[in-house]
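Here is a briefing on strand pairing and charged contacts. Keep the structure open while reading.

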Amino acid sequence: MSDRRTTAVLARTGLDALVQALRARGRTVVGPTVRDGAVVLAELSSAEELPFGWGTRVEAGRYRLVRRADGAAFAHTAGPQSWKTFLHPGREKLWDADRTADGQLSVTEAPRAHISYAFLGVRPCDLRAVAVQDRVLAGGRYRDRGYQERRTGALLIAAECTEPGATCFCVSMGGGPGADAGFDLALTEVVDEAGHRFLVRAGSDAGDELLAEVPHRPADPETKAVARGAVDAARERMGRAMPPVDLRTLLGDSLEADRWDDVAARCLTCGNCTMVCPTCFCTTTEEVTDLTGDHAERWQRWDSCFDLDFSHLHGGPVRASARSRYRQWLTHKLSTWYEQFGSSGCVGCGRCVTWCPVGIDITEEAAALHDELAARLRQDGQRGRGARGVRDVRYERKEPER
Ligand code: SF4
Ligand code: SF4
């Protein structure tokens, strides 16, 4: 592994050279593109399919595409999909079972397509989300082989954020609009009087090798300074923030909060928040047979803790109410995830806020829980016992090297 990584400048046209170099290596390039009124992730055959000149306007429960005069390609916020759509697909066959001539059953593992992905335009929050899913699906005792194979072969090209949306709050989750780890290449888009270009940093040997194949020039101090300034400015323009408290303890101390009734009265338990969340990983399995009864298949598909059947045990669901299901989701995301996987389950991408049909906002709910807990502690005069839940914490901000 090299300890001296390349930093360079790519012209706008260099982006297509990058896509073509990846395709020439047999990689399936996936990146953002405009489709059906949203920026979605899809296979790209050319960089021209990127959303040049499109931005987004988001709010709780709202998402709109807007035109941008500067022609930037990566000035949009997270869309309805994340990279788990490709690494941990919503539906995947696990095995086939066929009745043989002697009446026995023959079970064969479903073949997996060996796709070598290159993800172009991965946001720093999503780099962290991929790392979270790595720990869940490839790092523990129960590994998902399909995820592991796809992830091992995937190349990640990050696009640092210079235009955070109104629902973004990565900074208050300890991340940031800059990419600091987990990428092969990191791009920072710059559009100014000196032209449309990308500062590009290699983060791995594979990134260095790829960059060597693409026309580029050495990084000049001005481009570096403008790129750094744009990311620093984005850090100060986050649309939202989590309350600056120890969320893990706050949730742990809020199991009986009245706020759960308030949010349950609004929540449709539709599960949208879990579908769009880049870290949610839950699946269920289902069997299907053909009409002859000689062939059966087992499929794995995404599931949601908002589904009534999700906690169904003998006799009925454990979490029958919307209150208990929303509480489970939020408490797992912000608190018990640490015990299972050693980190928060939220990276602050804002998707669940944007794509909730009734605009339920995870930061607002956490703030309301904090207010309720603080009021309860004041009322009870038990600051000593509960003070852990409301104390201020400092968020660690890592500045990427450029
Ligand atoms: S919080 Fe919003 S997106 Fe999530 S289940 Fe409730 S209504 Fe659906
Ligand atoms: S909980 Fe919401 S903000 Fe956090 S990672 Fe999931 S979708 Fe993004």
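The points below cover a sheet, a hairpin and a set of salt bridges.

The model is predicted. Four strands make up an open, antiparallel sheet. A search of the whole structure finds 31 salt bridges.

**Open sheet**
- The strand order is β7-β6-β14-β13, and the pairing is antiparallel.
- β7 (105–109) and β13 (283–289) are the edge strands; each has a single partner, so one side of each lacks a neighbour in the sheet.
- From one strand to the next, the twist averages 20°.
- Strand β6 (residues 91–99) is joined to β7 by five bridges, and the two run antiparallel.
- Asp96 has Thr108 in β7 as its bridge partner.
- Strands of a sheet pair through backbone hydrogen bonds, in either a parallel or an antiparallel way.

**Hairpin of β2 and β3**
- Six bridges connect strand β2 (residues 28–35) to β3, and the strands run antiparallel.
- Val34 has Val39 in β3 as its bridge partner.
- Two residues lie between the strands of this hairpin, and Asp36 takes a positive phi near 55°.
- Strand β3 (residues 38–43) has five of its six residues buried, so the rest of the structure largely encloses it.

**Salt bridge Arg240–Glu59**
- Arg240 forms a salt bridge with Glu59, with the closest N and O atoms 3.2 Å apart.
- Arg240 sits in the loop between α6 (221–236) and α7 (247–252) and Glu59 in strand β4 (residues 54–59), so the pair ties together parts 181 residues apart in sequence.
- Arg240 counts as buried because its relative accessibility is 17%, under the 20% cut-off.
- Glu59, at 35% relative accessibility, counts as partly exposed.

**Salt bridge Arg201–Glu160**
- Arg201 forms a salt bridge with Glu160, and their closest N and O atoms are 2.9 Å apart.
- Arg201 is in strand β11 (residues 195–202) and Glu160 in the loop between β9 (155–159) and β10 (185–192), so the pair ties together parts 41 residues apart in sequence.
- Arg201 and Glu160 are both buried.

**Salt bridge Asp261–Arg323**
- Asp261 forms a salt bridge with Arg323, the closest N and O atoms being 3.2 Å apart.
- This pair links distant parts of the chain: Asp261 is in helix α8 (residues 259–266) and Arg323 in helix α10 (residues 322–341), 62 residues apart.
- Asp261 is partly exposed at 44% relative accessibility, whereas Arg323 is buried at 18%.

**Network**
- Arg68, Asp70, Glu163 and Arg237 are joined into one network by salt bridges that share partners.

Terms used
Residues are numbered from 1 along each chain as its sequence is written. Chains are lettered from A and ligands numbered from 1 in the order in which they are written. This is a predicted model: local features need pLDDT of at least 70, side-chain atom pairs count only at pLDDT 80 or more; totals for chains, interfaces and linings use all residues. Side-chain values use heavy atoms; hydrogens and water are left out. Two strands pair if DSSP finds at least two bridges between them. Axes are lines fitted to C-alpha atoms, for helices over the stretch in contact, and angles run from 0 to 180 degrees between N-to-C directions. Buried means under 20% relative accessible area, exposed over 50%, partly exposed in between (1.4 Å probe, protein chains only). A salt bridge is a side-chain nitrogen of Lys or Arg within 4 Å of a carboxyl oxygen of Asp or Glu.
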